Amino acid sequence: MAQGTTKIRNRLNRGDSAWAYAFIAVALIGYALFTAYPVISAFIISFQEYKPLGSEYIGFDNYAETFTSELFGKAVWNTIVYTVLTVPVALVLSFAVAIMIMPLKKWAQTTFKAIYYLPAVASGVALSVVWLWIYDPLPGGVLNQILALFGIDNQNWLGSSSTSMFSLVFMSWLSSHGTSIIIYVAALLGIDESYYEAADIDGASFWQKMWHIVLPCLKPTTLFLLVTGVIGSFQVFQNAYLMTGGGPDHSTTMVGLLIFDTAFKYFEFGKAAAQSLVLALMIGIIALIQFKFLGKDVEY
Amino acid sequence: MKRKTKFASTVLALMLSVGALSACSSNGGNNGNADPSNAPGTNPTASSEAPAAKDTITALLPPVSPKYQENFEQMAADFNKLYPNLTLKIEPASWEDMTQKLDTQVNAGSPPDLAFTNSESIAKYADLGMMMDISPYLTPEMIGDFDEIPYGYMTKEGKQYGLPAYLAVHSIGGNKQFLEEAGIDYKKVQQSGWTYDEFREAIKKGVVKEGDATKRYGFVFATAGVASKDYLGILVKGAGMPYPFTEDNKYAYTDEKYLTVLKAIRELIDDGSMPKELGSIDAGKRWNMFLTGQTMITGKGLAVFENSANTNNKKLEANDGSAVADSIKAEYIVLPMPSFAGQPAVSHAVVDGYVAFRGKKEPTEEHAANVAKAAYFLASGQVAATTNTDLFLSHITDSARKAAEGVDTGRNSDNIAADEALLKQAPPARDIPTELAADAIKLENEVIIPKLQALLAGEITPEEMFEAVKKAAVEKFGADGVV
């Protein structure tokens, strides 16, 4: 009887294992097809001069050209500037909004979360079109009309090197924090009430609670948002592509846009693959640095 | 037994899947193997001796004219009537995604057999080895049907990569009422052209101010993003540089005449004749500015704009709410671009047409011949007549002229005469080596357009832009490769 039960259990276990492997296989096949294969292909292509009718192996030429290209250097610099200006501000804004939402009643919290998350649901193209309308360079443009109320001359927001980068940054500041706010609110809700109670008993002020309870407890969340924010910012493409096309005079050419142009405008897929891998390496190094210096005492 | 049945059904299902997939890949493909009888080496002219093999020709087509895409079904049916063994499979595309779609397909090695594109892009695709030479399959009757100049635009290094649909001249267009108010003898300009100085004075007269604000500009050209290359490209032709390379294939834009044009671009903005925000004005906005009376002259102008202006005028007369908001009645007058530094006027001719591609597999002789037949069908006769009439363009084939006989487009007769005069100034096609042409396109995209945007924004001087172009050109073509 016992032997029979063990057999049945073994068979059931084998059946469970088979199903488990089957489900894992689906994910693995998806990963292999849509992630691993393109990455390996990009790596191989980066050593070739790509032609649809037969590519030619050219060694490290694509990498050499990438590292010596003035335009690639400018694109990296633009991307760094964009990242430095957008990511920290995004973190501070998201955190501030999350803190302001927290004391509200649940329905009000949900309403605000929905409002702030709305731009994340809207198509990026639609958002860009709205911002193009706001940045209309003629005196009738929305932003220029506001400036005119203060007697300021109309600005060529996207058409001038002195304002084009700021225009993209400003657009980012005002339109992309929904996800971060929701993550921060979730993290704030996870902080144990007893910490605040203990602090109240000790007579801690709002800022003391913020500094000694909230910020340390949210450190893993902040690190996560910082790392993903920097990665996203380094890969920024859509805004520059739709709003400025990288101009004027390459003042808003980001690395992502340059890779796209290299591949799809000039058909230099080998060079674009090399640029992509250099970008991936840069992002990897920056993420490692962030984990090294900020993630020491973070528990997951 | 049950296991065996399962195994057998799985094998059968797999076989069917593979069969279906292979059918997908060959059906409508551009390798001509859709039918087993489409074997290589079949004589394309032997169709009278044996029943011709079935074949499908694919074509990627944008909305060439306002009514073009409405006729796709009719076009496919007419083609099939003419060649019962052939199917013309048309894939529609918008202008916005046309190039991207085509580029992706070309780079994946599976382009359509035909695509509607500009003759200038031939260099780009030929450099990849993805274009198909259809000259062996064009009969003398087909070739003889075309006007010589547009036909030559589709030729590169002795190979015929497609057939032209039309030759259009990029002009500029004025508002008749405003031109008259400014005292500009536009009829004389239409026939004799104007120099840069005459043009500059004329557009100054077109400016209307209300206090410090400009109510109307003399001239507005769409120059946002890549549109700026049209502006510069059109202007430099009037400065004696019809092509980026001289007759002996030296890069031309390092000539001092190029600097003259760059200076003019700044002067027209600094004069106040053009908006200082010119670099951000796109094609839609500049046309809106024309229809709403915010500019006297607009560019670039195409013949079809007269049709658009007339249509809007009719809507205004009928109090139709779909007329452009705040627009006024505007009679569109075709005008030439100015000439520079005593150089003869040269029109910026654009030849678009049906360009033939090949896939990764070598196309069969028979399929290539069928592609040539489809290209000719689309570029001539009734199809071309309908399209070019819709666009207010002159016909470039005898068969289209014949098909369009008696059709009245209702165009302004002065404009027809002006277009004819401009067409006479179109430069003949130059067979620039593929590699040089591709390098020139890259230099244009990487250096000229970005610098021009900065020049339009007033951030660099014409001299700085000229030096930047010169430096990049010498790096690309060598000191001996430039003038």
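## A guided tour of the predicted complex

Start by selecting helix 3 and helix 8 (residues 178–189) of chain A: their axes come within 8 Å and cross at roughly 50 degrees. Axes here are lines fitted to C-alpha atoms, for helices over the stretch in contact, and angles run from 0 to 180 degrees between N-to-C directions. Helices are DSSP runs of H or I with at least four residues, numbered from the N terminus.

Before moving on, note that this is a predicted model, where local features need pLDDT of at least 70, side-chain atom pairs count only at pLDDT 80 or more, and totals for chains, interfaces and linings use all residues. Residues are numbered from 1 along each chain as its sequence is written, chains are lettered from A and ligands numbered from 1 in the order in which they are written, and side-chain values use heavy atoms, with hydrogens and water left out.

Now show the side chains where these helices meet. On helix 3 of chain A, pick residues including Leu91(A), Phe95(A) and Ile99(A); the partners on helix 8 of chain A include Ile181(A), Tyr184(A) and Leu188(A). Contact means heavy atoms within 4.5 Å.

Next, select helix 13 (residues 255–265) of chain A. Nine of its 11 residues are buried, so helix 13 is largely enclosed by the rest of the structure (buried means under 20% relative accessible area, exposed over 50%, partly exposed in between, with a 1.4 Å probe and protein chains only). What covers those buried residues? The cover includes helix 3 (70–101), helix 12 (238–243) and helix 14 (269–294) of chain A, together with helix 3 (95–107) of chain B. After helix 13 of chain A, find Phe267(A), whose phi is positive, near 60 degrees.

Then go to Asn154(A), in the loop between helix 6 (142–149) and helix 7 (161–175) of chain A. Asn154(A) counts as buried, at 11% relative accessibility. Its side chain reaches the backbone oxygen of Pro137(A) at 2.9 Å, and a polar contact of 2.6 Å joins the side chains of Asn154(A) and Glu277(B). A polar contact is a pair of N or O atoms within 3.5 Å; within protein, one must be able to donate a hydrogen and the other to accept it, and residues adjacent in sequence count only if both atoms are side-chain atoms.

Finish with residues 7–48 of chain B, where pLDDT (the predictor's confidence in each residue, from 0 to 100) stays under 50. Where pLDDT is low, the predicted coordinates should not be read in detail.

Terms used:
Helices (H or I, at least four residues) and strands (E, at least two) are DSSP runs, numbered from the N terminus.
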